[in-house]
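Please read the questions and answers below beside the sequence and the model.

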Amino acid sequence: MRCPFCGNIDTQVKDSRPAEDHVAIRRRRFCSACGGRFTTYERVQLRDLVVVKSNGRREDFDRDKLERSIRIAAQKRPIEPERLDQMISGIVRRLESMGETDIPSKTIGEIVMESLARIDTVAYVRFASVYKNFQAADDFDKFVSELRPDAKSDE
Ligand SMILES: [Zn+2]
């Protein structure tokens, strides 16, 4: 696994343990080149999901993108990181168990809103308000940048 700080490929696993009620394995990793520490999660991928946008375009479902948008919506809210991880895993499991590999982006947005509404109203409102524009723009990257409270073009 490449070190996210210095790009060194030779990183070591220092600790592995079950996380999220044994749905994932959490690994603490150490980079011997820069001394950086980071965490990775290993999960079962039941099937490869494809997101179908409202304009008909398809793209591979990307858990990281989903997670990023949710974390931005939940920024600085009093939500336990573990709770958020569980919520995200729950959303992905729901998507994976829908019995279809093709999932409309609208469905994903609705499931996220439903889940966020249950844990934090502010995060829900943030996500929902941007989601409306997203429906029009239908561009996930734009969506993520709009969710960012201090929207800068730094990515
Ligand atoms: Zn490093």
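Predicted model: local features only at pLDDT ≥ 70, side-chain atom pairs only at ≥ 80, totals over all residues.

Q: What makes up the chain in terms of helices and strands?
A: The chain holds five helices and six strands, where helices (H or I, at least four residues) and strands (E, at least two) are DSSP runs numbered from the N terminus. Along the sequence they follow the pattern β-β-β-β-β-α-α-β-α-α-α.

Q: Why are β1 and β3 called edge strands of their sheet?
A: The strands β1, β2 and β3 form an open sheet in that order, with antiparallel pairing, and two strands count as paired if DSSP finds at least two bridges between them. β1 and β3 each have a single partner strand, so one side of each is left without a neighbour in the sheet. Neighbouring strands here are turned by 25° against each other on average, direction ignored; such angles are taken between axes, which are lines fitted to C-alpha atoms (for helices over the stretch in contact), and run from 0 to 180 degrees between N-to-C directions.

Q: How do you know that β2 pairs with β1 and with β3?
A: Strand β1 (residues 11-19) is joined to strand β2 (residues 24-31) by eight bridges, and seven bridges join β2 to strand β3 (residues 37-43), whereas the definition asks for at least two. Four residues lie between the strands of the β1 and β2 hairpin, where Glu20 takes a positive phi near 50°, and five lie between β2 and β3, where Gly35 in the turn has a positive phi of about 80°.

Q: Which residues are the protein donors of the zinc ion?
A: They are Cys3, Cys6, Cys31 and Cys34, each through its SG atom, at 2.2 to 2.3 Å from the zinc ion. Donors are N, O and S atoms within 2.8 Å of the metal (3.2 Å for Na, K and Ca), and water is not among the atoms, so sites may look incomplete. In sequence the donor residues are spaced C-x2-C-x24-C-x2-C. Within this set, Cys3 in the segment before β1 and Cys31 in strand β2 are 28 residues apart and link distant parts of the chain.

Q: Why is the site of the zinc ion called tetrahedral?
A: The angles among its four donor atoms are 107 to 115°, and four donors count as tetrahedral if all angles lie between 85 and 135 degrees, so the name applies. For comparison, the ideal angle for four tetrahedral donors is 109.5 degrees.

Q: How many disulfides does a search of the whole structure find?
A: The search finds zero disulfides, a disulfide being a pair of cysteine sulfur atoms within 2.5 Å.

Q: Why is Cys31 called buried and Cys34 partly exposed?
A: Buried means under 20% relative accessible area, exposed over 50%, and partly exposed in between (1.4 Å probe, protein chains only). Cys31 has 0% relative accessibility and therefore counts as buried, whereas Cys34, at 39%, counts as partly exposed. Ala24, in strand β2, is buried because its relative accessible area is 2%. Lys76, in the loop between α1 (63-73) and α2 (81-96), counts as exposed because its relative accessibility is 81%.

Q: How do you know that the span of α3 is close to the expected one?
A: Helix α3 (residues 105-119) has 15 residues and reaches 22 Å from its first C-alpha to its last, close to the expected 21 Å; the expected span is 1.5 Å times one less than the number of residues. Buried residues in α3 include Ile108, Ile111 and Leu116.

Note on methods: Residues numbered from 1 in each chain as written. Heavy atoms only, no water. Tetrahedral: all angles 85-135°; square planar, octahedral: opposite > 155°, others 65-115°.
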